[in-house]
Amino acid sequence: MLKITIIGGGSSYTPEIIEGFINRHHELPVTHIDLFDIEEGRYKVETVGALAKRMIKNAGLDIELNIEFDRRKALTGANYVCSQMRVGMIPARIQDELLGNKYGMIGQETNGIAGFAKAMRTIPVTLSLCKDMEEICPDAWLINFTNPSGIITETVLKHTNIKVIGLCNVPVCTQFGIEELMGTKDLQVQFAGLNHFIHAFHIWDHGKDRIGELIDKVCSGEDFALPKNLGEVTWVPEQLKHLGVLPCGYHQYYYKQDDLEQKEVKSEGYVTRGEQVQEIERELFKLYEDVNLNVKPKQLEERGGAHYSEAACELINAIHNDKRTLMHVNIRNNGTISELPNDCAIEATSVITSCGPQPLNVAPITNPAIRGTLQLQKAFEELAVEAGVFGNYGAALQALTINPLVRKGTVTKEILDEMIELNAKYVPQFNKK
């Protein structure tokens, strides 16, 4: 028996992960899949669950798929637990982004005040999930792609006994873009940094590092495919050449904060990313309702998290079969990046074995532009974990104070207080104070 339990089974991403298990069934013979969701997500999990069953039947496979609203029952017998939950669902994401906009701040669900709010809602539920796993399936791997993935992964690493690996589609999509730009798929790309804060340090092509050539191409304006939700990302050539490495698309929030504020928050007719996702999901679930649909619809690629679930399937496959392939994952630092604490979560290219990821070591980061911002971002994440786990108001205020995307002064406390008030139902760690 090989059982996968998916927490947040009603996610619109679920058809992709089902397709991933179908495509790998010849080497990863999954026998059971449980889709768990909360009662408020009944429509979504039943709709996507019905589609998943049609996909499995269409593939001619013998996989038992169950829809569960009892989490402990869903965890029973699980070998791998995939977390893709959204506490508060899409309306909470929209609320987060509107809160940022109200105070003239940019950011999405993984950065700025919106990312912080999502972390505060998600940490209590994640700790509860891990407590259940410690009792029911202590040997199972937790594959986390619940955002903000780095903060959630660090929470599990520091405060539970569960084996966890965090995932993100940004390095996957960035690697695809690099391969397209360089005209070959025979490349070994080494990423390192933090979730949504990584750089491509090396582009190995048969022993030759082509990172300089890649930077020249990007500086000359050659098209560089990135996740569709990031839009067009451009860099100042002199600045990019000074870095000597390629930042991921999410760095635009820190390099071009004022530009994005003008483009997004202050533009006429601006809608938040959460509102966009809500509309995309409405259309997706309308498609999923079609009883004649028995494959993953092409439109899912527009959702913004393309390849997330595909990466999860390949990660499980690599662990299960000790494939020792290279993947980009969130794991404990343990000295991989010497400029960061050993016990924190980092995102790094790793060899995936049956014992888990073995990260590729990163040479000392000598460029202060990279080292300084990386350490500041990690300090924010450490404080966010402390705030989310213990409900430490002081740590929460410190986290927001050092976050480059959050306004400073008396307003910082006003923003934090409003965030806690708006999310009172989901942040009991603060309400106990």
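Thr-349 is found in strand S12 (residues 345-353). Helices (H or I, at least four residues) and strands (E, at least two) are DSSP runs, numbered from the N terminus. The model is predicted: local features need pLDDT of at least 70, side-chain atom pairs count only at pLDDT 80 or more, and totals for chains, interfaces and linings use all residues. Residues are numbered from 1 along each chain as its sequence is written, and side-chain values use heavy atoms, with hydrogens and water left out.

Is Thr-349 buried or exposed? At 1% relative accessibility, Thr-349 counts as buried. Buried means under 20% relative accessible area, exposed means over 50%, and partly exposed is in between (1.4 Å probe, protein chains only). Contact means heavy atoms within 4.5 Å. Neighbours within four places in sequence aside, Thr-349 is in contact with Val-189, Gln-190, Phe-191, Leu-326, Met-327, His-328, Pro-359 and Leu-360. Pro-359 is 10 residues from Thr-349 along the chain, and their C-alpha atoms are separated by 5.9 Å.

Gln-175 is found in helix H7 (residues 170-182). Gln-175 counts as buried, at 15% relative accessibility. With neighbours within four places in sequence left aside, Gln-175 is in contact with Leu-187, Val-189, Phe-191 and His-328.

Take H4 (89-102) and H16 (410-422). The expected span of a helix is 1.5 Å times one less than its number of residues. Here is how both helices compare with that rule.

The buried residues of H4 include Ile-90, Arg-93, Asp-96, Glu-97 and Leu-99. They pack against H5, helix H11 (257-265), helix H12 (273-288) and H16. Just after H4, Gly-104 takes a positive phi of about 70 degrees.

What are the buried residues of H16? They are Val-411, Thr-412, Ile-415, Leu-416, Glu-418, Met-419 and Ile-420. The cover over them includes H4, helix H5 (112-136), helix H15 (393-402) and helix H17 (428-431).

**Rings**

A pair of aromatic rings is described by the distance of the centres and the angle of the planes. Rings of Phe, Tyr and Trp (its six-membered ring) pair if their centres lie within 6.5 Å; planes under 30 degrees apart count as stacked, over 60 as edge-to-face and the rest as tilted. A search of the whole structure finds 6 aromatic pairs. In one of them, the ring centres of Trp-235 and Tyr-255 are 5.5 Å apart and the planes are at 85 degrees, so the pair is edge-to-face. Trp-235 lies in the loop between helix H8 (211-219) and helix H9 (237-243), and Tyr-255 in helix H10 (residues 252-255), so the pair ties together parts that are 20 residues apart in sequence. Trp-235 is buried at 16% relative accessibility, while Tyr-255 is partly exposed at 29%.

Tyr-250 and Tyr-253 have ring centres 5.9 Å apart and planes at 20 degrees, so this pair is stacked. Tyr-250 is buried, with a relative accessible area of 6%. Tyr-253 is buried too, at 2%.

Ring pairs also link Tyr-43, Phe-285 and Tyr-288 into a cluster. Elsewhere, the charged end of Arg-42 sits over the ring of Phe-69, 4.1 Å from its centre. A charge sits over a ring if NZ of Lys or CZ of Arg is within 6 Å of the ring centre and within 35 degrees of the ring normal.

Most residues other than glycine have a negative phi, and most peptide bonds are trans. The peptide bond from Asn-147 to Pro-148 is cis, with omega near -5 degrees. Pro-148 is in the loop between strand S5 (141-144) and H6. His-196 is not a glycine, yet has a positive phi of about 60 degrees. His-196 is found in the loop between strand S7 (188-194) and strand S8 (197-205). At 6% relative accessibility, His-196 counts as buried.

Asp-322 has a positive phi too, near 50 degrees. Its place is in the loop between helix H13 (308-320) and strand S11 (325-332). Asp-322 is partly exposed, at 25% relative accessibility.
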